[in-house]
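Notebook open. Today I'm looking at ring pairs and nonpolar packing.

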Amino acid sequence: MKNFILSAFLLIAVNSYSQAAAEPVLKMDPETLCQIRYHYYPNLEAYFDMKREVYIYNDRGQWVEAADIPTGYRGYSLYNKINVPINDYDDDHIVQFINKHKKKFPYNNGRKSKEMTASVD
């Protein structure tokens, strides 16, 4: 009986550890106490969800989640790294703020990459 209980305990502990190890570690904003889960790409008008490791972008009026941005999407290369970490929203429905983010962080083709944070206020 002791072996059964010990085996069950070890199985639960290993399972819990493997699930925790799979979760990405997100930075916490000290002012808003929100995890920095999303990055907004102004030139794509799209987001990257660090927690689920997917891009969220608009494809013909529908919001799509995918592991990669399609080749040639809006003629953009992800390698120029123009993005804005969102520091005050870490729930599941970031696209509700797209109009605020487009207005607050308009895409400027000549702008150098800067460290910025976005808030949804």
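**Rings and cores**

I started with the aromatic cluster: ring pairs join Tyr38, Tyr40, Tyr47, Tyr89 and Phe97. I'm keeping in mind that this is a predicted model.

Next I checked how many aromatic pairs the structure holds, and got six. I looked up the one between tyrosine 38 and tyrosine 89, which is stacked, with 6.4 Å centre to centre and 25 degrees between the planes. Tyrosine 38 sits in strand β1 and tyrosine 89 in the loop between β5 and α2 (98–104), so this pair ties together parts 51 residues apart in sequence. I also checked burial, and both tyrosine 38 and tyrosine 89 are buried.

Then I went to tyrosine 41 and tyrosine 55. Their ring centres are 6.2 Å apart and the planes are at 55 degrees, so I noted the pair as tilted. Tyrosine 41 is in strand β1 and tyrosine 55 in strand β3, 14 residues apart, and the pair links distant parts of the chain. Relative accessible area came out at 9% for tyrosine 41, which is buried. For tyrosine 55 I got 12%, and tyrosine 55 is buried too.

On to the cores. I found that the largest nonpolar core has 12 residues in all, including Tyr38, Val54, Ile86, Tyr89 and Ile98. β1 (38–41), β3 (54–59) and β5 (84–86) are the elements that give two or more residues to this core. Apart from this core lies another of nine residues, among them Tyr41, Ala46, Tyr57 and Ala66.

Methods
Residues are numbered from 1 along each chain as its sequence is written. This is a predicted model: local features need pLDDT of at least 70, side-chain atom pairs count only at pLDDT 80 or more; totals for chains, interfaces and linings use all residues. Side-chain values use heavy atoms; hydrogens and water are left out. A nonpolar core is a set of buried Ala, Val, Leu, Ile, Met, Phe, Trp, Tyr and Cys residues joined through side-chain atoms within 4.5 Å. Buried means under 20% relative accessible area, exposed over 50%, partly exposed in between (1.4 Å probe, protein chains only). Helices (H or I, at least four residues) and strands (E, at least two) are DSSP runs, numbered from the N terminus. Rings of Phe, Tyr and Trp (its six-membered ring) pair if their centres lie within 6.5 Å; planes under 30 degrees apart count as stacked, over 60 as edge-to-face and the rest as tilted.
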